[in-house]
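Please keep the model open while reading.

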Amino acid sequence: LLDLNLVNAQQVKAWMVQQGAEAERIDVVYMGQDTDLLDPRRYDRAQARTRLGVSDDIPVLLFPARLEPQKRPRFLLQILDRLRQDGRSFLCLMAGDGPQRGLVEATIRKHGLKDCVKLLGALPAGQMPDLYAAGDIMVLPSQNEGIALAVYEGMAMELPIVAAAVGGQPE
């Protein structure tokens with residue numbers, strides 16, 4: 001009954017067509033971000049890192065996501081454990097909360113990652129640009145996604161993105 005459906009990824013359009021929708025009645029409109037707000041030149045990286053207690057000589061990985069199975073925070077911790085075992089120095093800032101918080105905390109303890117993973121909890125949206133400014137790489141190993149808002153934010157802040165190639169993420 002709709003004249004036009006707007007979706008945020010080619011992957012979603014393909015799924016809708018597969019379900020029987022008419023392709024010519026679906027347009028893809030990619031989400032935008034406020035690139036005035038998410039402009040890395042507006043933020044002082046050194047000050048952002050100082051506020052977080054992070055020295056300038058350590059790589060900072062940023063996981064800006066809910067602590068839930070879809071986002072795979074425990075899988076990320078396995079990757080971080082491997083990096084640590086390989087002798088890599090880093091700090092991973094996990095900005096988010098959710099039902100797997102207790103499991104994430106237990107996994108950090110189990111693998112001895114307390115010194116290289118900092119759980120920040122859920123942060124207000126206004127604090128995220130400063131957090132992106134402090135980071136070196138954004139990591140999002142999701143099990144499934146459309147296209148994560150965090151990917152758009154990370155790209156706007158000119159961070160390299162390491163994300164699972166699922167759903168609309170490759171777009």
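## Ground rules

Helices (H or I, at least four residues) and strands (E, at least two) are DSSP runs, numbered from the N terminus. This is a predicted model: local features need pLDDT of at least 70, side-chain atom pairs count only at pLDDT 80 or more, and totals for chains, interfaces and linings use all residues. Residues are numbered from 1 along each chain as its sequence is written, and side-chain values use heavy atoms, without hydrogens and water.

## Arginine 72

Arginine 72 lies in the loop between strand E3 (60–63) and helix H3 (73–85). Its phi is near 55°, a positive value in a residue other than glycine. Most residues other than glycine have a negative phi.

The charged end of arginine 72 sits over the ring of phenylalanine 75, 4.4 Å from the ring centre. A charge counts as over a ring if NZ of Lys or CZ of Arg is within 6 Å of the ring centre and within 35 degrees of the ring normal. Arginine 72 counts as partly exposed because its relative accessibility is 29%. Buried means under 20% relative accessible area, exposed over 50%, and partly exposed in between (1.4 Å probe, protein chains only).

## The largest pocket

The largest pocket holds about 410 Å³ of space. Of its 22 lining residues, Pro64, Met128, Leu149, Ala150 and Glu153 are the closest to its centre. A pocket is an open set of points on a 1 Å grid over the protein atoms alone, where a 1.4 Å probe fits, with protein on both sides within 12 Å along at least five of seven lines; lining residues have an atom within 4 Å of a point. Points are joined across faces, edges and corners, and the volume is the space filled by probe spheres set on them.

Helix H5 (128–134) and H6 each supply at least two lining residues. The lining has 15 nonpolar, 3 polar and 4 charged residues. Here Ala, Val, Leu, Ile, Met, Phe, Trp, Tyr, Cys and Pro count as nonpolar, Asp, Glu, Lys and Arg as charged, and the others, Gly among them, as polar.

## Helix H6 and what follows

H6 is mostly covered, with 6 of its 8 residues buried. These are Ala150, Val151, Tyr152, Glu153, Gly154 and Ala156. The buried residues pack against H5, strand E6 (137–140) and E7, where contact means heavy atoms within 4.5 Å.

Glutamate 158 follows H6, in the loop between helix H6 (149–156) and strand E7 (161–163). The phi of glutamate 158 is positive, near 65°. At 52% relative accessibility, glutamate 158 counts as exposed.
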